[in-house]
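Look at the sequence and the 3D view, then work through the points below.

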Amino acid sequence: MTEIFGVPIQALFGQLLIGLINGSFYAVLSLGLAIIFGLLNIINFAHGAQYMMGAFLAWIGMTFLGVNYWWALMLSPLAVGVTGVIIERTMLRWLYRLDHLYGLLLTFGLALIVEGLFRYKFGISGESYPVPETLAGGINLGFMFLPKYRAWVVVASLVVCFVTWYVIERSKLGSYLRAGTENPQLLQAFGVNVPLMITLTYGYGVALAAFAGVLAAPIFNVNPVMGSNLIIVVFAVVVIGGMGSIMGSIVTGIGLGLIEGVVKSGMVANLLGAIFDEVPIVGSIVYPVKLLFSPEASAVTIFVIMAIVLLLRPAGLFGRER
Amino acid sequence: MPSAAAEYLRVTDLHAFYGESHILHGVDFTVNRGEVVTLLGRNGAGRTTTLRAILGLVGSRSGSIMVNGVEAIHLPPHRIAYLGIGYCPEERGIYASLTCEENLLLPPVVRSGGMSLDEIYQMFPNLKERRSSQGTRLSGGEQQMLAVARILRTGAQLLLLDEISEGLAPVIVQALARMVRMLKDKGYTIIMVEQNFRFAAPLADRHYIMERGKVVEEIPAPQLESRMDMLHEYLGV
Ligand SMILES: Nc1ncnc2c1ncn2[C@@H]1O[C@H](COP(=O)(O)OP(=O)(O)O)[C@@H](O)[C@H]1O
Ligand SMILES: [Mg+2]
């Protein structure tokens with residue numbers, strides 16, 4: 001069997017696919033956070049809970065109302081987006097003039113309440129959501145087996161990310177968004193209804209989280225804490241990419257997912273070992289680094305990268321100093 | 001006496017606050033249709049704040065602001081623009097994340113009858129040349145042209161221009177003077193906040209002098225010569 005640096009090629013591709021899928025979720029979620037932070041100046045700690053709500057609403061819709069996956073993919077983000085609009089109108093609105101910290105605390109509190117309510121109602125054991133029939137099964141690519149649904153998740157995420165990017169960077173509406181991020185007062189003096197734009201932007205960012213949640217439902221266990229586990233990693237992604245950068249969050253999300261996959265395959269540790277193990281002194285210096293990038297430590301890879309990036313570029317890879 | 005119909009803007013007993021600081025203490029003035037009027041005064045007299053208060057960009061405000069017969073004091077800023085007001089802020093407000101042309105196209109059209117993009121490019125050929133450059137990469141003079149040009153597209157008839165000649169080379173200041181004259185000929189109503197008295201004097205029909213958040217004098221252009229001493233005293237030049 002073919003191996004690359006001691007990793008069977010099947011295993012490597014398997015991990016890369018997992019990395020790509022995780023990366024897709026990181027990208028969609030950090031994109032939403034970036035848009036919200038750009039315009040509202042608020043670090044939306046409720047993002048994970050809103051992702052969870054997206055998945056749960058899909059499950060509730062299917063279980064109690066017979067709403068199928070495709071409808072859920074539209075309706076669930078819409079419903080969660082509406083809750084976002086209400087939250088913005090009734091709560092976040094009062095915090096814009098204050099420090100970031102207040103928005104963070106409020107949204108963190110909301111996340112705890114929402115997760116608590118779902119835990120109370122549905123327990124923590126979790127529910128499973130079936131893969132939609134049209135996307136069941138997979139394709140044999142020769143070097144690996146590709147489940148159709150996973151391919152769909154990657155494609156759908158990328159399309160949503162790039163359409164969002166295109167609208168923001170290239171359209172008239174996007175020029176309002178960029179201007180609103182830079183100097184909202186002047187934009188409003190020109191006649192743009194900035195408060196409405198802010199409300200809808202929060203709604204859209206939140207809807208993106210819910211969209212990711214519905215995509216995730218057939219892959220992961222649907223449970224009340226599914227968001228809080230993921231969102232910590234997503235915040236690291238956002239910090240690495242640079243808060244508020246649109247393309248930065250997409251590229252960083254996908255990239256870090258892939259890196260995580262490669263690390264999990266064991267290739268990085270093998271590679272470091274192959275190069276440095278025999279070298280005196282250097283080998284023992286590199287040894288702890290090798291451990292940090294070993295498959296067993298793959299859960300912390302992103303945080304290690306975050307620490308390095310913060311040391312070298314405090315504003316993140318794509319961020320501008322404010 | 002100008003008739004009420006000719007009156008484009010009437011500001012009465014305008015007070016403005018930034019948080020706890022009370023900045024404007026009862027500003028009164030009027031601007032008639034087609035007039036060019038200046039607000040003169042020392043730094044900190046409250047001229048910028050007066051423009052921002054008209055637009056609703058201060059913390060809070062009271063008094064009366066009649067624009068074209070509509071009371072604007074309780075309207076949110078995005079509605080005030082639709083009364084036909086265009087604003088060129090002191091710091092120019094060119095957006096770095098937008099290209100020159102995106103900056104130009106940014107302000108929504110608030111009235112019919114604004115200039116077309118072609119007309120604007122004819123008037124400011126530099127902007128056409130640099131249309132795809134990042135807004136803040138333009139020279140100071142070009143940025144100032146852009147800041148004024150983008151409100152000519154919107155159909156606004158009342159232009160609030162804050163220190164447009166500030167910090168620019170003499171040739172550019174002359175070009176701006178020609179531009180203001182051309183806009184006046186086209187029938188625009190203009191309020192200019194100016195530090196550069198030599199720039200403003202030949203352009204304006206009337207001058208208002210502000211001090212400590214109030215209008216303290218009104219000088220029609222024909223009386224300017226005879227009241228120069230008083231003016232110098234107020235402006236401290
Ligand atoms: N954002 C603000 N917050 C608090 N005070 C302000 C603010 N902007 C201006 N001021 C104060 O208001 C006064 C008038 O300022 P301004 O209107 O800018 O004067 P001018 O344009 O005539 O130079 C000054 O004392 C200034 O310090
Ligand atoms: Mg000023």
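Two strands count as paired if DSSP finds at least two bridges between them. Strands themselves are DSSP runs of E with at least two residues, helices are runs of H or I with at least four, and both are numbered from the N terminus. By that rule, β1(B) and β2(B) pair in the antiparallel sense over nine bridges.

This is a predicted model, in which local features need pLDDT of at least 70, side-chain atom pairs count only at pLDDT 80 or more, and totals for chains, interfaces and linings use all residues. Residues are numbered from 1 along each chain as its sequence is written, chains are lettered from A and ligands numbered from 1 in the order in which they are written, and side-chain values use heavy atoms, with hydrogens and water left out.

**The four-stranded sheet of chain B**

- Four strands of chain B make an open sheet in the order β2-β1-β4-β5, with antiparallel pairing.
- Its edge strands are β2 (21-32) and β5, and each of these pairs on one side only.
- Strands of a sheet pair through backbone hydrogen bonds, either parallel or antiparallel.
- L9(B) has V67(B) of β4(B) as its bridge partner.
- β4(B) is joined in turn to β5(B), residues 70-71, by two antiparallel bridges.
- Here M66(B) has E71(B) of β5(B) as its bridge partner.
- The hairpin of β4(B) and β5(B) has two residues between the strands, and N68(B) takes a positive phi near 55°.

**Another hairpin in chain B**

- β9(B), residues 206-211, pairs with β10(B), residues 214-220, in the antiparallel sense over six bridges.
- M210(B) stands opposite V215(B), a residue of β10(B).
- The two strands form a hairpin with two residues between them, where R212(B) in the turn has a positive phi of about 45°.

**The two domains of chain B**

- Chain B is divided into domain 1 (4-84 + 157-235) and domain 2 (92-152), with bounds that come from an automatic or database domain assignment.
- The centres of these domains, taken over C-alpha atoms, are 23 Å apart.
- In contact (heavy atoms within 4.5 Å) are 19 residues of domain 1 and 15 residues of domain 2.
- Together the domains bury about 1400 Å², 71% of it on carbon and sulfur atoms. Buried area is the accessible area (1.4 Å probe) that two parts lose on being put together, summed over both.
- The count of salt bridges between the domains is zero. A salt bridge needs a side-chain nitrogen of Lys or Arg within 4 Å of a carboxyl oxygen of Asp or Glu.
- Two residue pairs are in polar contact across this interface, both at pLDDT 80 or more. A polar contact is a pair of N or O atoms within 3.5 Å; within protein, one must be able to donate a hydrogen and the other to accept it, and residues adjacent in sequence count only if both atoms are side-chain atoms.
- On the side of domain 1 that touches domain 2, β7 (158-162) and α7 (170-185) of chain B each supply at least two residues.
- α7(B) provides the largest share of that side, six residues.
- By class, that side of domain 1 has 15 nonpolar, two polar and two charged residues. Ala, Val, Leu, Ile, Met, Phe, Trp, Tyr, Cys and Pro count as nonpolar, Asp, Glu, Lys and Arg as charged, and the others, Gly among them, as polar.

**Where chain A meets chain B**

- 18 residues of chain A are in contact with 23 residues of chain B.
- The two chains bury about 1800 Å² between them, 57% of it on carbon and sulfur atoms.
- The rule finds one salt bridge across this interface. R178(A) and E102(B) form a salt bridge through their side chains (2.9 Å, N to O).
- Nine residue pairs are in polar contact across the interface of chain A and chain B, both residues at pLDDT 80 or more.
- α6 (172-182) and α7 (184-189) of chain A are the elements that give two or more residues to the side touching chain B.
- α6(A) gives the most to that side, with six residues.
- The residues on that side of chain A divide into eight nonpolar, six polar and four charged.
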